[in-house]
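Morning, everyone. I'll take you through one model today, starting with charged side chains. Please have a look at it first.

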Amino acid sequence: MLCRSRNGAFSLSAKALTIFTHSLHSSSSSSVKFNPRITVRKPASVSAWVHRDLALQTVSSSDANSICCLLSDQSLQCNDFDSLLKDYKQKLDSHLVLQVLSNYRQLGRIKTLKFFSWAGGQMGFQFDDCVIEYMADFLGRRKLFDDMKCFLLTLLSHNCRVSCRAFGTCIRFLGRQGRVREALCLFEEMETAFRCKADNYVYNNMLYVLCKKETSGEWIDVALSIFWRIESPDIYSYSNILVGLCKFGRFETALEVFRAMDRAGLVPTRSAVNILIGQLCFLSAKEGSIEKVRMKNVSRPCTILVPNVGTKVGTNAIESAVGVFWAVYDVGLLPSSFVIIQLLKELCRVVEMKEAFQVLKVVEERKMSCLDEGYSVLMQALCEHSWVEEADHLFGRMLSHGLIPKLVVYNSLISMLCKLDKLDDAEMVFKIMTSKRCNADSVTYTALIHAYGESRNWEAAYHLLIEMLGLGLIPHFNTFTLVDKILREKGRTDLCTKLEGKMETQILLKHCRAGQLKDAYQKLNSMIGKGFCPPMHVCDAFKNAFQKYGKLNKALELLERLDGDLLRN
């Protein structure tokens, strides 16, 4: 087998040159129903390289069919492949072996591996690259890594050529299972032990393992050194290293790599662009924030608050993110909708509204799915800074394009207009909101009620509060107090009593629906003391809530007291 020395490199062991079959008996077999049809099934990592006309060749298709029939016959218990396949020894070639191996579902894992071992013994393991690559993929997909090592060492002992694609496949599958050190050792030894110079396919798979599958970050410097060794990096070389650098917080180097990629005229993958822009936006959002840091290397460990003092990249992170966005836009690539919204939110947070409008214009031109969300983000930012003209213009664009504003857009617009004492405009937006069948919530009503209350328009404030209670929304105490105070100033104590009764009823109904029996009982008892009679549906809800928890008698006692008070009145 391929053993690792203390420095992690692959080395030959004393038992390394044993025949490949001995390592195959540890694999579990799988019973598959016989199917006489021969179908060449190539792994996804190999199919792009193997010529298409290989599967169409019929020179040895009948021989492959016969071999599969013999090996699949359950009545034949012969394990001696020499005697079972003696008629096919002279006909063996790489094409025939590949056709038989491709029918692994018919043969089962054990017989497939045994056939390869027998064919290798007959041909001295002098296979074409397509067979070697197929077996590397076959063993990797089944996580037979010990067999994979033995397979590579057997090829080495027979001086068989191993292609870069086979090494890249092995490295990729090792990395997927977290065997990063083994993948790195194989990468380092492929040129010295196997005399195979790595190409971009091998480099890309090694970078994929170190940057995407490795989670500790201890190998990022190794990945960077491997990247600079590549003579002509391609799209995937740059993209893999970009992902790794962003993943482990090396943003300055990541931007240098991105600029080098731009100079080379290459475009990164969309996933790499998403990670780069997304992480730069996240870095910009953290700038200036306060974070908790745990101090452990002291006599008495404690937690302290530390300001996030930015680096050079952190200070200009949003500018870098915008630069990356326009660079990839110029070559026809855009990040995902989620990342674009993230970029828009950060631009609005740092009040870079001009850039935000330019980004939104691109989203509008491309008719992306995040257009509604993009408008919502900008509308909230404009309303937060009380930029009325810009918000009005953007709101008009939304309606002219047939977009349906979300509730948060209406709430932001109404709140801004109410703060600026533009009640007529706020009322008009509220009417548009109602016509668009967008249901108002507590934020909408609270903003309008407070605006009317400050202008001493008690009729509008009272009707809105009654409407709010009718929808089952419970106003804040300050909102209720404001309207009650105005009504008393106007001498409308009758409306104050009516308003208080509706308020108490809604609170009682809320307690019943939440199963808060103690609060519901106290609230109804308090209402009876004040002379308020809740509606019939509220009494039914009160009774059902107590019945659900087996306390119906207690509820009936209080309801009978309510009925008695009504009869006396």
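Which residues are linked in a network of salt bridges? They are Glu500, Glu504, Lys523 and Lys530. A salt bridge here is a side-chain nitrogen of Lys or Arg within 4 Å of a carboxyl oxygen of Asp or Glu.

Two notes on the source. This is a predicted model, where local features need pLDDT of at least 70, side-chain atom pairs count only at pLDDT 80 or more, and totals for chains, interfaces and linings use all residues. Residues are numbered from 1 along each chain as its sequence is written, and side-chain values use heavy atoms, with hydrogens and water left out.

One of its pairs is Lys530 with Glu500, at 3.4 Å from N to O. That pair links distant parts of the chain: Lys530 sits in helix 28 (residues 517–530) and Glu500 in helix 27 (residues 493–514), 30 residues apart. Helices are DSSP runs of H or I with at least four residues, strands are runs of E with at least two, and both are numbered from the N terminus.

How covered are these two? Lys530 is partly exposed, at 44% relative accessible area. Glu500 is partly exposed too, at 24%. The cut-offs: buried is under 20% relative accessible area, exposed is over 50%, and partly exposed is in between, with a 1.4 Å probe and protein chains only.

The structure holds 18 salt bridges. Here is another. Lys91 pairs with Asp63, and their closest N and O atoms are 3.6 Å apart. This one also joins distant parts of the chain, 28 residues apart. Lys91 is in the loop between helix 3 (81–84) and helix 4 (94–101), while Asp63 is in helix 2 (residues 61–72). Lys91 is partly exposed at 43%. Asp63 is buried at 15%.

Asp137 and Arg141 both lie in helix 7 (residues 129–141). They are 4 residues apart, about one turn of the helix. Their closest N and O atoms are 2.5 Å apart. Is Asp137 buried or exposed? Buried, at 0% relative accessibility. Arg141 is partly exposed, at 40%.

On to helix packing. Two packed helices are described by the angle between their axes and the distance between the axes. Take helix 24 (residues 442–454) and helix 25 (residues 458–470). They pack at about 160°, with axes 8 Å apart. Axes are lines fitted to C-alpha atoms, for helices over the stretch in contact, and angles run from 0 to 180 degrees between N-to-C directions. Helix 24 and helix 25 are therefore roughly antiparallel. The label needs an angle over 145 degrees; under 35 is roughly parallel, 65 to 115 roughly perpendicular, and the rest oblique.

Now the backbone. Most residues other than glycine have a negative phi. Arg195 has a positive phi of about 55°. It sits in the loop between helix 10 (180–192) and helix 11 (200–213). Arg195 is exposed, at 62%. Val351 also has a positive phi, about 60°. Its place is the loop between helix 18 (337–349) and helix 19 (353–366). Val351 is partly exposed, at 37%.

Last stop: Met295, in strand 3 (residues 290–295). It is partly exposed, at 31%. That's my tour. Questions, please.
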